[in-house]
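Colleague: Please take a close look at one residue in this model. Then walk me on through the other local features that can be checked.

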Amino acid sequence: MSNSYGQTATSRTLQGIGVSPGIAVATAVLYRSRVYNAPAVEIAPSAIEHEWRRLAVASEVTRRQLKVIRERVDEIASSGEAGIIDGHMMVLDDEIITADLHHEIFDLHHNAEWAVREVANKYIAQFQESGDALFRERADDLSDVARRLLRNLMGVKEELPGAWDRPCVVVAENLTPSETLALPRSVVKAVVLDRGSLTSHAALLMRAIGIPAVVGLGTVSQEAVSGQQIAVDGGNGVVVLNPGRRELSHLLGLARMRESIVESLRERRGGEAVTPDGVRVRVMANVESAAGVSSLVDDGAEGIGLFRTEYLWMASGKPVPEDEQVAAYRAAFDAMGDRPVIIRAFDLGGDKFAGETGLCESEENPFLGLRSLRYLLHDEDVLRMQLRAIMRASAGGAPANILLPMVADISELVRTREIMEECLNDLAENGVECKTPRLGIMVEVPSAALTAQFLAKRADFFSVGSNDLTQYTMAADRTNELVAHLYQPAHPSVLRLVKMAADAAKSASIPLGLCGEMASVPGLAAILVGMGFDSLSMAPTSIPAIKALIRAVPFSAAKALADAALSSGSAATVLELSRDFLARHVPDLLSL
Ligand code: PEP
Ligand code: MG
């Protein structure tokens, strides 16, 4: 008996979460983070000041090391991954943690190493106990910073994965961001981890670096043996320990096919995407900073469909000065020329910690709290500054496209428009002439989809945020791997809400886009084409495949698929329908 991987008696196949696509076969190396035996000694009162200074020096060294790492992240990843390292730096400057360390050294007379360990362990335990995936992620961040600080206090050289000289698959319980970044790309062919989710920091970084990876495997670090052969299919989340000959040839065949498909799709990434029966769908890019915008046109982007401006804020943990915002938005407008650029107002809160605002820290349920537009209308100065910055950046050009996140009620749109008009008048009084911006809304809360016909009369465009729409419809936290099976953008309940938004936009004749991850999944993008979306926006790496899809699929066929999906009863049925559809129209895309 064998499964689809042709598994044999001696091999063992594990299913995890595929977080970074690609296929690799190589020798397993087990990696375990080193445990530091930091000395715990009581210090004499006369040594207290010296101990505090020792800690300050080690913190400064740590800060400098993190800065170097951040520059590396900036080089390899164009988006928000650098925010992970910024988060580490913020731990070093955190006032509460500093006060705790002070207490340990000045009041309890603990040496610096002991103090760091005590304080880190206290917060790590609290974060882990919370049971929330996001807090577990923060526990990992804290432990990464604490280990670095301890090493610097003890004068121990950093021991990162990397001493390997032959191609290998790294097997570990988990990797910290520093460890992930230190992986030598020339030899590490894939990474497989016991822990992690689609959005965990290690996963985000591996995707950005381009190392195939499967996470959430549970016990792979106990089952694998260093030196044994291991095969990884990062797209499908499959890991085979000790693969047999048939499994190997199956996987290597898949890898070769995938490579040649990716190459040929990339060759056709330029130009417009029009269905064979003449319907144009604009394929745009999602960006998190101005850093990567200059290469977007070469990536095939026909505009920026979503500029996640909150990452500008998260990078420093502070409100972004108006002139800095103007520079970032102007860079996006300049890079895109005549192509549309949609700038989203700060979508802070939820899983996007907002440093100085204190958002999330004091809320029981940040995803349902003072998040996003709710925060901006609560603290209008931040909103006014951003609206002004966007309008200033677009002065002299076409009207700006401003996108409001998390609109749940029409009053929020109406109020924001009033504020925008006031900002426009202020600018005119100061001699800055701007055209009235187009004000669009994200449809990402079920209430917005359900009242879309009213919102469409007041909004200048819609952009469906399927990531949040899925979590709010399915009541499944998008960051929690324990409910990942329920977080299903293909669920008919989500699709029906998307369709309500689409129909409302069509009858009000306003542009209709979608900028969630769903747009980059070929089988689901086909359904969106069939619902009549004018534009789809996604990570730049997905653009070639989605353009190929649009060029291969007649609108009439996509519409029939959408109708069938909408009358289905489960996500599984929808996925089966869309798989069959791709097999008929663009089979190549099934191999990605
Ligand atoms: C969404 O919710 O689908 C979206 C695009 O926004 P974000 O992922 O930034 O919440
Ligand atoms: Mg969202």
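**A buried alanine and beyond**

Modeller: A120 is buried, with a relative accessible area of 8% (buried means under 20%, exposed over 50%, partly exposed in between, with a 1.4 Å probe and protein chains only). This is a predicted model: local features need pLDDT of at least 70, side-chain atom pairs count only at pLDDT 80 or more, and totals for chains, interfaces and linings use all residues. Residues are numbered from 1 along each chain as its sequence is written, chains are lettered from A and ligands numbered from 1 in the order written, and side-chain values use heavy atoms, without hydrogens and water.

A120 sits in helix α4, residues 112-129 (helices are DSSP runs of H or I, at least four residues; strands are runs of E, at least two; both are numbered from the N terminus). Leaving aside residues up to four places away in sequence, A120 touches L142 and A146 (contact: heavy atoms within 4.5 Å). I209 is 89 residues from A120 in sequence, and 29 Å away in space, C-alpha to C-alpha.

Next, the loop between α3 (95-107) and α4: H109 lies there. H109 is not a glycine, yet has a positive phi of about 60°. H109 is partly exposed, at 21% relative accessible area.

S372 also has a positive phi, about 65°, and is not a glycine. S372 belongs to the loop between β11 (341-344) and α12 (373-378). S372 is buried, at 0%.

Now the metal. E444 (OE) and D468 (OD) coordinate the magnesium ion, ligand 2, at 2.0 to 2.2 Å (donors are N, O and S atoms within 2.8 Å of the metal, 3.2 Å for Na, K and Ca; water is not among the atoms, so sites may look incomplete). E444 is in the loop between β13 (438-443) and α15 (446-450), and D468 is in helix α17 (residues 466-474), so the pair ties together parts 24 residues apart in sequence. E444 is buried, at 1%. D468 is buried too, at 2%.

Last, a helix pair. α21 (residues 555-566) and α22 (residues 571-585) pack at about 165°, axes 9 Å apart (axes are lines fitted to C-alpha atoms, for helices over the stretch in contact; angles run from 0 to 180 degrees between N-to-C directions). That makes the two helices roughly antiparallel (over 145 degrees). A557, A558, L561, A564 and A565 of α21 meet V574, L577, S578, F581 and H585 of α22.

Terms used. Parallel < 35°, antiparallel > 145°, perpendicular 65-115°, else oblique.
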